[in-house]
Amino acid sequence: MAETNRQWILAQRPSGEPTHDDFELRETEKPSPDANEVLVDLSYMSVDPYMRGRMRDAESYAEPWDVGAPMEAGAVGTVEESNHPDFTVGDTVVGNLRWADYVAVDGAELSHVRTGDAPVSTALGVLGMPGRTAYFGLYDVGEPTPGDTVVVSGAAGAVGSTVGQLAKLAGCEVIGYAGSDEKVQYLEGELGYDRGINYTDEDVRDALRDATDGVDVYYDNVGGPITDAVMDHLNVDARVVVCGQIAHYNDTERPTGPRHFGNLIQTRARVEGILVRDFAPRFQQATERLAEWVASGDLTYRETVTDGLENAPDAFLGLFEGENIGKQLVKLD
């Protein structure tokens, strides 16, 4: 009897917040690699907020999934078979793969995992896409200088937790918004944030006003009322880095706006979006610097790990409930 493979399929397009009905776990035969392909046994899989956009039938920076088609994610795994000259059995690789136990993929779509002494899972987190997004978004777009006040929304997430630490390394005062007292304690006690704000039980405007006289860099992972508050508190020549808008990903109608352009006239602030793929020629540079800081202890990280491919939808849906601290991963059996 042929070996089997499980993979998650987009069952239907969600309306509003996704539910378990939008996912279907199918069982198929284990794939075999064709010419130039590699068979990967997946060990860790990433789930990320941007994937909500791929569930829509709408043009975006990430191509939508078709209904009935396999879902995809950043993943790390071990080469089980190889028909590609760059990979041998036993290599640890990373790529944009399927939500599955096994994947046969062209070797050109894979990279070797080189995380040094750090766990291979960090290739999906602090030493992967989220870490590089924090690095380029803060340093290239936010352009912090010593003494700046940097505010981060979604500060305890995969990107935000790295942004805050990089801002401290740049000599900045750092304030972060998070959704629980536990996360605020993580920001202030482990990551070195100067102030954490629990947006679930503090007034987001009053708390920011009490914490600082003005904001020089705002790293926005969330949107919504937090962004409304920060935009009213920008300093002259402030920089706003728009990385994510998770507060709006499940909206069925686009919020009205823009409401903040008048603030930009007064402050001469700059607002710029960040797509990490635009910095692909410099990925190695960023990863090497991040790895040095991890090795020295200047940069720490957390991973929230859900066990079992069958529980991948739970891990994804939990992102919208704020259940994760740091990078949300799925560990495959």
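What you're looking at is a predicted model, where local features need pLDDT of at least 70, side-chain atom pairs count only at pLDDT 80 or more, and totals for chains, interfaces and linings use all residues. Numbering runs from 1 along each chain as its sequence is written, and side-chain values use heavy atoms, with hydrogens and water left out.

There are 16 salt bridges here, each being a side-chain nitrogen of Lys or Arg within 4 Å of a carboxyl oxygen of Asp or Glu.

Start by selecting Arg54 and Glu72: they form a salt bridge, with the closest N and O atoms 3.3 Å apart. Arg54 sits in helix H1 (residues 51-54) and Glu72 in strand S4 (residues 72-82), so the bridge ties together parts 18 residues apart in sequence. Helices (H or I, at least four residues) and strands (E, at least two) are DSSP runs, numbered from the N terminus. Arg54 is buried at 8%, while Glu72 is partly exposed at 26%.

Next, pick Asp101 and Arg6, whose side chains meet in a salt bridge (2.9 Å, N to O). Asp101 is in the loop between strand S5 (92-98) and strand S6 (102-106), Arg6 is in strand S1 (residues 4-10), and the two are 95 residues apart. Asp101 counts as buried, at 11% relative accessibility.

Last stop: select Glu3, Lys30 and Glu80, which are linked in a network of salt bridges.

Definitions and conventions: Buried < 20%, exposed > 50% of the residue type's maximum accessible area, 1.4 Å probe, protein only.
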